[in-house]
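Please look over the sequence and the coordinates before going on to the points below.

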Amino acid sequence: TAKWIATPKRTREILDTYNFSFKKSLGQNFIIDVNILNNIIQKAGIDKEAGAIEIGPGIGALTEQLAVKADKVLAYEIDQRLLPVLEDTLAAYDNIHLIHQDILKANVHEMVKNYFEHGQPIHVIANLPYYITTPILMKLLRENLPVMSFTVMIQKEVADRMAAEPNSKSYGSLSIAVQYYTEAEVVMHVPKTVFMPPPNVDSGVLKLTKRGKPPVQVADEDYFFDIVQACFAQRRKTLRNNLVRYFKTTADKEMISDALEKAGLDGTRRGESLTMQEFADLANTFYQMTK
Ligand code: SAM
């Protein structure tokens, strides 16, 4: 197994050869444990039929395992310095397409259409740069990519928030945003020791399985997400107080009481106790009353 990139020895060799210095600002923590990578790939449900989209290949630790286990790999790397490294470390594999681009600016739809087979099952899989986990995932979710799942290593606290259920400490607008598009589950906790250099935070693997359709019906998605955010704006305040604050001049207290009643919600509850369905009922009621 010494041949794999994802070993301390080989990783150090590659870093030395290219005189590579980690950029903290790009969230560069490389994985040096091939078992962890194979567990993640297995959790993602990737097999030889599947296409994989990787964000941030680094020196190619995960990319290499994907090249072996998947049909094709599409990988986006922002750091110019890593391109010659990857060309070298992944030279033995002919089923990888590497793109030098910021994933936040990439037209992933277009690439997916051109690169993968029509109807091929596609999975996003990554050890994400922690400083932009949420923007990356929200971009890919909102774009409605034709992928089956997202399996990503991220900061454990963020994974917990994305997968949280009502009435838990981690539950908030991020839970609703993610679970509107996917079923979310934390599938692994990962020790710091599998990274070089080790990150400052704990890590976990989050699996998001795309839904066929949203679990609730909303009149207007942006309006719905705005209301959800408003209800969590001040976590210790009641639903009613958060709504009064949010609507300020556009809806008076009577109207807010009226809407809460119509939606069948007790205004003294807190946002953290509402299910996605209750948020949808609330947003739809306000939408009807104010539009
Ligand atoms: N996949 C490798 C591994 O597991 O060893 C590296 C993971 S490292 C946590 C994150 C990688 O994402 C780095 O290679 C970094 O340069 C890259 N990256 C950071 N921001 C990016 C962006 N906006 N678009 C694409 N790649 C990015």
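A residue is taken to be near a molecule if its C-beta atom, placed from the backbone, lies within 6 Å of that molecule. Of the 22 residues around the ligand, those that come nearest are F30, G56, G58, N127 and P129. The elements that contribute two or more residues to this shell are β1 (30–31), α3 (61–69) and β3 (72–77). The model is a predicted one, and the points that follow should be read with that in mind.

**Confidence in the prediction**

- The protein chain has an average pLDDT of 97, and 99% of its residues score at least 70.
- For the complex, the predictor gives an ipTM of 0.99 together with a pTM of 0.96.

**The protein chain as a whole**

- The protein chain contains 12 helices and 9 strands, and its C-alpha trace spans about 70 × 40 × 30 Å along its principal axes.
- Of the 291 residues in the protein chain, 41% count as buried.
- Among the contacts in the protein chain that link residues at least 6 apart in sequence, 69% join residues that are at least 24 apart.

**The shell around the ligand**

- Sorted by class, the shell around the ligand is made up of 13 nonpolar, 6 polar and 3 charged residues.
- The UniProt record, an unreviewed entry, places the feature "binding site" at N29, I31, G56, E77, D102 and N127.

**I31, one of the positions in the UniProt feature**

- I31 counts as buried because 23 other C-beta atoms lie within 10 Å, where 20 or more are needed.
- When residues up to four places away in sequence are not counted, I31 touches A6, I36, L37, A61, L62, N127, V194 and F195.

**N127, another position in the UniProt feature**

- N127 belongs to strand β5, which covers residues 122–127, and N127 is also among the residues that come nearest to the ligand.
- N127 is buried as well, because 27 other C-beta atoms lie within 10 Å.
- With its neighbours within four places in sequence left aside, N127 is in contact with I31, G56, L62 and M153; of these, I31 and G56 are also positions in the UniProt feature "binding site".

Technical notes. Residues are numbered from 1 along each chain as its sequence is written. This is a predicted model: local features need pLDDT of at least 70, side-chain atom pairs count only at pLDDT 80 or more; totals for chains, interfaces and linings use all residues. Helices (H or I, at least four residues) and strands (E, at least two) are DSSP runs, numbered from the N terminus. Ala, Val, Leu, Ile, Met, Phe, Trp, Tyr, Cys and Pro count as nonpolar, Asp, Glu, Lys and Arg as charged, and the others, Gly among them, as polar. A residue is buried if 20 or more other C-beta atoms lie within 10 Å of its own, exposed if 12 or fewer, and partly exposed in between; C-beta atoms are placed from the backbone. Two residues are in contact if their C-beta atoms, placed from the backbone, lie within 7 Å. pLDDT is the predictor's confidence in each residue, from 0 to 100. UniProt positions are given in the numbering used here, feature names are shortened, and annotations may be inferred rather than shown by experiment.
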